Amino acid sequence: MPHEPKRRHSIQRKGKRRASIKLKVAGSIVCPNCGNPTLAHKVCKNCGFYKGVSVVKKSSKAKVTRS
């Protein structure tokens, strides 16, 4: 039979244990073309450039949605 804990762990002790369990922030860089922050190794969502090459053609007109 496995051993069971005799006492309840305090909230402080639980918090200390969980302090190292956290999400990491994804690495972001500044786009050399437009200057907006973007994720590393991804196409810029603002201008569509990747490594100085236009990969996705972005139109300058904003899309209008009707409801």
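His41 sits out in the open in this predicted model, with a relative accessible area of 67% that makes it exposed. Its place is the loop between β2 (37-39) and β3 (49-50), and its phi is positive, about 65°, although His41 is not a glycine. Most residues other than glycine have a negative phi, which makes this one worth a look.

**Another positive phi**
- Lys51 also has a positive phi, about 55°, and is not a glycine.
- You'll find Lys51 in the loop between β3 and β4.
- Lys51 counts as exposed, because its relative accessibility of 70% is over the 50% cut-off.

**The largest pocket**
- The largest pocket holds about 180 Å³ of space.
- His41 and Lys51 both turn up in its lining, and other lining residues include Ile29, Cys31, Pro32, Phe49 and Tyr50.
- By type, the lining splits into 6 nonpolar, 4 polar and 2 charged residues.

**A nonpolar surface patch**
- Val43, Val53, Val55 and Val56 make up a nonpolar patch on the surface, and together they have about 290 Å² of accessible area.
- Val56, one of the patch members, comes in the segment after β4 (53-54).
- Val56 is partly exposed at 37% relative accessible area, so it clears the over 30% needed for a patch.

**The chain overall**
- The chain has 1 helix and 4 strands, running α-β-β-β-β from the N terminus.
- Of the 67 residues in the chain, 7% are buried.

Notes:
Residues are numbered from 1 along each chain as its sequence is written. This is a predicted model: local features need pLDDT of at least 70, side-chain atom pairs count only at pLDDT 80 or more; totals for chains, interfaces and linings use all residues. Side-chain values use heavy atoms; hydrogens and water are left out. On a 1 Å grid over the protein atoms alone, a cavity is a set of points where a 1.4 Å probe fits but cannot get out, and a pocket is an open set with protein on both sides within 12 Å along at least five of seven lines; lining residues have an atom within 4 Å of a point. Grid points are joined across faces, edges and corners, and a volume is the space filled by probe spheres set on the points. Ala, Val, Leu, Ile, Met, Phe, Trp, Tyr, Cys and Pro count as nonpolar, Asp, Glu, Lys and Arg as charged, and the others, Gly among them, as polar. Patches are made of residues with over 30% relative accessible area and no salt bridge: like charges are joined within 9 Å, nonpolar side chains (Val, Leu, Ile, Met, Phe, Trp, Tyr) within 5 Å. Accessible areas come from the Shrake-Rupley method with a 1.4 Å probe; for residues, only the protein chains shown count as cover. A salt bridge is a side-chain nitrogen of Lys or Arg within 4 Å of a carboxyl oxygen of Asp or Glu. Helices (H or I, at least four residues) and strands (E, at least two) are DSSP runs, numbered from the N terminus. Buried means under 20% relative accessible area, exposed over 50%, partly exposed in between (1.4 Å probe, protein chains only).
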